[in-house]
Amino acid sequence: MAYIPSGGAPAAGAAPMGSQYCVCKVELSVSGQNLLDRDVTSKSDPFCVLFTENDGRWIEYDRTETAVNNLNPAFSKKFVLDYHFEEVQKLKFALFDQDKSSTQLEEHDFLGQFSCSLGTIVSSKKITRPLLLMNDKPAGKGLITIAAQELSDNQVITLSLAGRKLDKKDLFGKSDPFLEFYKPGDDGKWMLVHRTEVIKYTLDPVWKPFTVPLVSLCDGDMEKAIQVMCYDYDNDGGHDFIGEFQTSVSRMCEARDGVPVEFECINPKKQRKKKNYKNSGIIILRSCKVGIDFTASNGNPLDPSSLHYINPMGTNEYLSAIWAVGQIIQDYDSDKMFPALGFGAQLPPDWKVSHEFAINFNPTNPFCSGVDGIAQAYSACLPHIRFYGPTNFSPIVNHVARFAAQATQQQTATQYFILLIITDGVISDMEETRHAVVQASKLPMSIIIVGVGNADFAAMEFLDGDSRTLRSHTGEEAARDIVQFVPFREFRNAAKETLAKAVLAELPQQVVQYFKHKNLPPTHSEPA
């Protein structure tokens with residue numbers, strides 16, 4: 001039987017699980033592909049507006065710059081949001097073709113929209129989805145790509161740059177240069193991080209200093225390659241390429257104490273064609289400063305609003321659920337040794353996020369002795385881990401399913417696995433979890449979900465296929481109903497027998513149904 005508190009416990013400096021606190025800040029980068037062309041003589045001039053849901057109403061949060069004459073824009077402006085991993089934070093991204101200087105959206109042509117939760121984006125890190133019109137029909141072949149970057153620390157980098165003797169690109173003038181900074185993405189493609197302002201009519205531009213989060217520029221890796229592109233701005237959006245170079249933060253940090261660092265701006269086509277080609281100008285890094293932004297705050301890690309906060313009486317919602325439900329189910333296990341796992345936390349020493357860890361910190365032997373052992377391991381691990389999101393259920397379902405799959409080789413009905421998940425109700429990987437449950441429905445296992453706190457448990461009730469057959473995102477139906485959901489808040493002050501009846505309501509039938517299908521008479525169950 002696995003007792004799985006969703007989310008870890010706060011260490012010093014980490015945020016509590018209370019939904020009103022921000023676990024971290026997340027930066028969203030948006031790009032579009034194959035957008036609708038709403039302009040007659042040119043292409044659309046798209047911009048993106050982000051809406052957040054508040055009490056059932058969509059409120060504009062922020063908007064990007066306008067990409068002139070571009071059906072495949074990569075927006076430089078980022079959306080930075082507080083990520084509360086225990087809340088379902090609904091977002092809507094809407095794209096418009098700018099026709100006028102008005103800030104009123106109804107004055108601009110609608111290009112399509114996409115809605116999802118912030119947790120979905122953070123869980124996937126990067127998603128690409130079709131854009132929809134107001135009637136939910138496809139907006140042509142339009143797509144939107146959203147990438148999430150966790151701003152995991154407060155380090156920022158400030159760069160001050162200039163150019164010298166850049167190539168002349170305009171027929172009757174000089175150039176209107178601007179710079180773009182890119183980093184390599186997980187998919188191997190260059191991802192836009194920052195775009196400077198345009199400096200008009202000059203081959204020797206001086207750009208304003210700018211500051212970006214260090215993790216946004218290089219993922220915190222000072223040696224990671226950074227590509228810098230220099231363009232000549234054109235009003236029609238067909239910007240002329242001047243040149244490029246690659247560098248790294250560690251190389252840029254050499255620009256200090258009044259000693260600049262210079263980079264040759266190279267145009268590869270010119271370099272191949274001209275034997276005496278030297279460069280297309282020089283980009284001068286006048287200064288580079290890495291510092292700490294002290295404006296971010298993660299709240300009080302010991303705040304009583306957290307579901308994991310242990311009160312002066314030595315208990316909390318999770319411990320109450322562990323005790324109440326554990327004492328009921330432990331009688332069905334012969335040796336009273338239970339593997340207890342957690343998910344949704346950062347673990348020492350490297351603070352990587354884990355969705356499947358032993359709460360006794362012994363991955364080779366995650367077993368706890370009885371309910372007492374589970375409660376002790378849970379309480380002991382709280383000071384040593386940091387709460388984190390997203391809240392992914394599928395890894396833990398698949399973990400138990402692997403053991404259940406091995407048991408399908410049994411000749412007699414000796415093993416049946418019960419996964420008990422104690423959670424606050426928020427789930428980030430719904431599609432993956434649906435698929436995992438559908439696959440697990442073919443195996444000798446059941447899942448009992450106990451919801452703690454006062455969150456919206458709609459997702460849990462959806463997994464509990466009492467009213468409809470659960471289907472995976474591929475359309476495959478569950479072989480049988482294996483999920484039982486119990487909202488603990490309804491049984492806080494109820495008799496033990498009442499809670500036991502709710503927890504075990506469907507389990508006997510699920511066990512018998514499985515072994516009858518396999519023509520194996522059940523003899524005893526083995527909680528996972």
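Predicted model: local features only at pLDDT ≥ 70, side-chain atom pairs only at ≥ 80, totals over all residues.
## Lys 126 and its salt bridge

The side chain of Lys 126 takes part in a salt bridge with Asp 187, in which the closest N and O atoms are 2.8 Å apart. This pair links distant parts of the chain, since Lys 126 belongs to strand E8 (residues 126–132) while Asp 187 sits in the loop between E11 and E12, 61 residues apart. Asp 187, with 42% relative accessibility, is likewise counted as partly exposed.

## Other charged pairs

Side chains of opposite charge can pair when their charged atoms come close. The count of salt bridges in this model comes to 14, and one of them joins Arg 164 to Glu 262 at 3.1 Å, taken from N to O. Arg 164 is part of strand E10 (residues 155–164) and Glu 262 is part of strand E16 (residues 261–264), so this pair ties together parts of the chain that are 98 residues apart in sequence. Both partners are partly exposed, Arg 164 at 31% relative accessibility and Glu 262 at 41%.

A further salt bridge is formed by Glu 254 and Arg 251, whose closest N and O atoms are 2.6 Å apart. Here Glu 254 is partly exposed at 46% relative accessibility, and Arg 251 is partly exposed at 33%. Salt bridges also form a network, which links Glu 65, Glu 180 and Arg 195.

## The largest pocket

The largest pocket holds about 960 Å³ of space. It is lined by 39 residues, and those closest to its centre are Lys 125, Ala 148, Gln 149, Glu 150 and Asp 186. By type, the lining divides into 15 nonpolar, 11 polar and 13 charged residues. Several elements each supply at least two residues of this lining, among them helix H1 (118–124), strand E9 (138–151), strand E11 (177–184) and helix H2 (214–218).

## Leu 217 in helix H2

Leu 217 is found in helix H2, and its relative accessible area of 1% places it among the buried residues, because that value is under 20%. When residues up to four places away in sequence are not counted, Leu 217 touches Ile 157, Phe 181, Lys 183, Val 193, Val 212, Ile 226, Val 249 and Met 252. For one of these, Val 193, which is 24 residues from Leu 217 along the chain, the C-alpha atoms of the two residues are separated by 6.2 Å.

In soluble globular proteins, nonpolar side chains tend to be buried together. The largest nonpolar core of this model has 41 residues, of which Ile 422, Val 450, Leu 499 and Val 503 touch the most other members. Elements that each supply at least two residues of this core include helix H6 (370–381), strand E25 (417–423), strand E26 (445–451) and helix H10 (496–503), but the largest share, seven residues, comes from H5.

Leaving aside neighbours within four places in sequence, Val 450 is in contact with Ala 321, Val 325, Leu 420, Ile 421, Ile 422, Thr 423, Val 486 and Phe 488. A second, separate core has 32 residues, including Ala 358, Val 438, Ile 447 and Ile 482.

Key: Residues numbered from 1 in each chain as written. Heavy atoms only, no water. 1 Å grid on protein atoms, 1.4 Å probe; cavity = no way out; pocket = protein on both sides within 12 Å on 5 of 7 lines; lining within 4 Å. Points joined across faces, edges and corners; volume = space filled by probe spheres on them. Helix = DSSP H or I, 4+ residues; strand = E, 2+ residues; numbered from the N terminus. Nonpolar A, V, L, I, M, F, W, Y, C, P; charged D, E, K, R; others polar. Salt bridge = Lys/Arg side-chain N within 4 Å of Asp/Glu carboxyl O. Buried < 20%, exposed > 50% of the residue type's maximum accessible area, 1.4 Å probe, protein only. Core = buried A, V, L, I, M, F, W, Y, C linked by side-chain atoms within 4.5 Å. Contact = heavy atoms within 4.5 Å.
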